[in-house]
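Work through the following exercises with the sequence and the model side by side.

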Amino acid sequence: MKHFFLTLVFILPLSFLSQAQEKETSIKAIDTLFNYADTTDIPPKNTKSAGSVLAQVINKAQHYAFDLSELNLELSESLDTVDMSVMLPQINLLAKKIKNRTEADSQYLSHRYIVGMENLVSTAEDLNKSYQKNIQERVDKLSQVGNKLNTIKSDSLFAMTLRDTTLIPAINSELRMLKASLKSVDSIYLAQEILAARFQARVSENAVVFLSLKQYLNQNKKRLDRQYWTKEINYLWEPVNYSKVTNLPTVISESMEFNTQLMSAYVERTWYIFLICSTILILVYLKIRSTIEEIGNQKDFASLILDRVKYFKRHTFSSTVLILLPIFLIIFTKPPLVFISILSFTMVIASCFLVKEQFGEYFNKIWFIFITPYILLALSSLNWKVVYQERWYILLSTLVFIGMGILVLRHAITQKSKHDSFLKYLAIFMIAIESFAFFANITGRFNLSKTYSVTGAILFYRGIGLYLFVNVFLEAIYLFIENSKKESDGFTSYFDFQDLQKRMKGLLYVFASTTWAYGVIWHLGYFDDFYKWISEFLLQDRTLGETVFQFGSILLFVTILYVSTFLANNIAYFASVKDQKNASSRKQRLGSSVLLIRLAVLFVGFLLGMTASKIPFDKIAIVLGALSVGIGFGLQTIINNLVSGIILAFERPIQIGDEIQVGTTSGTVKEVGIRASKIQGYDGSEIVMPNGDLLSQSLINWTLSDKKRRVELIIGVGYGSDMNLVKSVLEEVLTNERILKTPHPNVYMQTFNDSSVDFRVLFWVESMDIWIDVRAEVMSAIFEKFAENNIEIPFPKRDLYLKTIPSNWQEKVSKPGEDISPKMIDSGSEENSTDENKKSSED
């Protein structure tokens with residue numbers, strides 16, 4: 001039947017598709033061939049022939065058969081309801097349990113309790129939203145399928161049947177099959193639509209429950225915020241006024257069980273992140289360990305390199321953990337309090353192995369003495385309920401950590417190193433916050449006291465860990481750089497570690513300080529308020545004249561501009577370091593082309609900042625128009641230098657590492673900047689020369705095409721010397737292996753001076769870097785050779801003629817060892833003598 005259907009389609013002549021006007025015949029043919037289920041579906045009378053009508057029917061049937069096959073294929077991918085059928089009721093039950101438990105524990109609520117519940121609600125809500133997203137995608141797909149089905153069902157083709165089924169039985173069979181297929185697809189679509197609607201209702205029900213629960217938690221949080229600074233229990237010296245029914249061991253046991261459940265749920269939800277982080281930890285550890293082994297086995301100065309390593313040489317794994325933990329804190333999103341505590345405790349344990357190397361023996365003792373109170377206080381912070389029986393323990397803890405802060409502060413004041421200054425400020429922070437917790441405790445503000453006491457201890461230890469993180473990170477970079485220094489190295493061996501350390505240390509300190517400050521705000525419970533205040537401050541519309549702006553847009557613009565500047569400067573730095581070290585081939589250097597890269601990065605950063613912050617470009621055009629007036633008056637020199645820098649970048653008359661001379665200034669090019677270039681003089685000075693001067697003055701580039709240099713010496717010999725011997729001696733000296741044979745060295749008799757015959761010695765050396773050393777070697781060799789061959793190197797001579805001899809001068813022959821200095825000279829003779837000496841000097 002299918003073959004007949006296709007044959008019928010292709011056999012029908014093309015003339016059937018023409019628009020021939022056969023009114024009576026075509027109308028009769030349609031009325032004769034087809035019946036309609038509904039008279040409203042009867043098409044209007046037309047002029048088409050019977051053949052044309054049959055072709056149209058066949059084409060439509062074929063097209064709709066293909067469409068229905070596609071729809072059936074789309075509906076075959078039904079909504080996966082197996083997991084949702086189990087999880088959606090559990091999510092609903094969990095939300096109700098959270099609310100019931102919160103209501104039951106209303107008198108024991110604390111900020112940590114509310115934050116923990118909010119985190120749990122957020123976790124369940126995210127899972128519910130993921131299901132909602134999948135269902136909504138399926139609903140949208142079913143909506144498209146429904147629209148296509150309605151279009152197909154509305155066609156009059158499905159209301160037509162042949163009057164005489166024996167006339168063309170294949171067509172009648174195809175129409176029946178097409179209608180059956182449409183009915184089947186429609187049934188599947190309807191079933192899936194009902195299924196999706198049922199699960200969508202469940203998801204929506206859960207969303208409403210979560211909304212109600214979040215509002216309830218938010219109300220309790222606001223209530224606790226109002227009570228945060230109020231008196232909860234009596235003063236310390238007053239009788240106890242709180243209930244003693246609460247059993248502290250029971251609360252600890254329930255909290256540990258609940259924290260375990262939270263941790264298990266979080267690990268189950270983010271198992272892939274745990275897997276990635278564990279893999280990264282193992283790979284980094286193995287890489288650092290292999291790097292240390294390679295340095296020890298291959299490097300000539302392995303002992304010197306490894307002696308500079310304080311952490312990785314003895315504690316490789318702990319150092320690796322300390323590098324990655326602060327980064328892991330960022331990777332994990334919305335972690336529960338117990339997970340944050342585990343990471344903090346892991347950082348403390350890893351720091352235990354490194355504290356002595358960084359801060360010395362005394363601080364190491366303090367660290368280990370007070371680590372037990374720290375652990376106990378950290379475990380106490382994991383209790384979900386408020387237990388006033390902890391009052392004395394919290395009070396004792398604050399006193400213990402105040403004592404620790406005082407000991408650390410006294411030690412840091414007596415020391416002068418940078419890390420001791422850091423310890424001093426960290427100790428002051430802990431003393432201040434623990435003292436506040438102490439006074440809050442004795443005045444009956446228990447929750448406030450516990451929050452601040454826990455924060456002070458945890459953030460002190462975390463601060464030490466983050467400080468070690470910076471130093472360990474820099475040490476890891478040092479190891480990788482030293483291991484990568486090979487003769488054939490292409491890039492990393494060019495790094496000057498000291499400069500690189502200075503650049504990276506600032507960035508790492510910013511990261512560590514931001515992480516530590518975030519921990520302070522989060523542990524004190526001010527993060528939500530701080531975030532809300534910052535958001536309102538940055539996103540609030542402000543008006544200046546007719547311009548509406550936001551501080552957030554300005555901050556975004558400045559941040560993008562700062563990042564682009566940072567990238568541009570570091571690109572220039574790395575390129576300049578590479579060019580200075582890789583001086584063998586001028587073509588391999590980026591040189592002044594780095595200026596174009598810097599300008600491109602700055603320009604792209606400026607455009608991105610403008611676009612991201614939604615600053616209109618017409619406003620910038622107005623500002624640039626106003627600046628053009630200033631450029632015309634006071635900025636000509638700056639613009640001249642900027643344009644000169646661009647010309648230098650395109651023409652490339654100088655490169656980083658070139659030996660140049662501009663006027664009386666000579667040295668090595670260190671940087672081609674936007675406004676000025678840096679030249680390092682041969683005496684070690686750094687000369688900042690405007691780019692305009694490089695173009696306006698005569699520029700001598702000793703290394704433009706190559707690094708060869710000609711050296712010229714003027715050697716004078718006495719008139720009584722054998723000139724042929726002198727020339728042969730000089731030529732012999734010029735056979736030094738560091739002197740190039742091509743161009744050939746030459747010796748010329750140059751000038752007849754007053755007291756010498758001067759020879760001009762010319763020779764070439766391979767590089768500008770060695771010409772002074774080679775010249776010194778040649779001059780030393782000439783001096784030695786002249787001495788061996790009795791060749792005189794003359795020196796200036798003067799003949800002194802005395803017109804008169806003072807009367808008191810007497811010629812006297814002295815004996816060996818006899819003192820012939822005058823004993824007494826009258827003042828007149830002394831003056832005469834002085835005058836004669838002056839005259840002699842003038843002559």
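Helices (H or I, at least four residues) and strands (E, at least two) are DSSP runs, numbered from the N terminus. The model is a predicted one, in which local features need pLDDT of at least 70 and side-chain atom pairs count only at pLDDT 80 or more, while totals for chains, interfaces and linings use all residues. Residues are numbered from 1 along each chain as its sequence is written, and side-chain values use heavy atoms, with hydrogens and water left out.

**Exercise 1. Describe how helix α5 packs against helix α7.**

Step 1: Two packed helices are described by the angle between their axes and the distance between the axes. Axes are lines fitted to C-alpha atoms, for helices over the stretch in contact, and angles run from 0 to 180 degrees between N-to-C directions.
Step 2: The axes of α5 (residues 111–153) and α7 (residues 248–269) come within 12 Å and cross at roughly 30°.
Step 3: Angles under 35 degrees count as roughly parallel, over 145 as roughly antiparallel, 65 to 115 as roughly perpendicular and the rest as oblique, and α5 is therefore roughly parallel to α7.
Step 4: On the α5 side the contact is made by M117, L120, T123 and D126, and on the α7 side by F258, L262 and R269.

**Exercise 2. Apply the method to α13 with α15, and to α25 with α26.**

Step 1: Helix α13 (residues 361–369) and helix α15 (residues 391–414) have axes that come within 11 Å and cross at roughly 175°, and these two helices are therefore roughly antiparallel.
Step 2: Y362, F363 and I366 of α13 make this contact with M404, L407, V408 and H411 of α15.
Step 3: For helix α25 (residues 723–733) and helix α26 (residues 771–788), the axes come within 10 Å and cross at roughly 140°, so that α25 and α26 are oblique to each other.
Step 4: The residues that meet are V726, V729, L730, E732 and V733 in α25, and V778, A781, I782, K785 and F786 in α26.

**Exercise 3. Which residues have the most contacts inside the largest nonpolar core?**

Step 1: A nonpolar core is a set of buried Ala, Val, Leu, Ile, Met, Phe, Trp, Tyr and Cys residues joined through side-chain atoms within 4.5 Å.
Step 2: The largest such core has 80 residues, and those with the most contacts inside it are F312, F363, W367, M404, F460, Y461 and I464. Its largest share, 20 residues, comes from helix α17 (residues 446–484).
Step 3: Y461, leaving aside its neighbours within four places in sequence, is in contact with V348, W367, F370, I371, Y374, F401 and M404.
Step 4: Apart from this core lies another, of 26 residues, among them I114, Y131, L213 and L224.

**Exercise 4. Examine the backbone at P743 and at N790.**

Step 1: The peptide bond from T742 to P743 is cis, with omega near 0°, and P743 lies in the loop between α25 and β11 (746–752).
Step 2: N790 has a positive phi of about 55° although it is not a glycine.
Step 3: N790 is found in the loop between α26 and α27 (827–842), where N790 is exposed, with a relative accessible area of 72%.

Key
Buried means under 20% relative accessible area, exposed over 50%, partly exposed in between (1.4 Å probe, protein chains only). Contact means heavy atoms within 4.5 Å.
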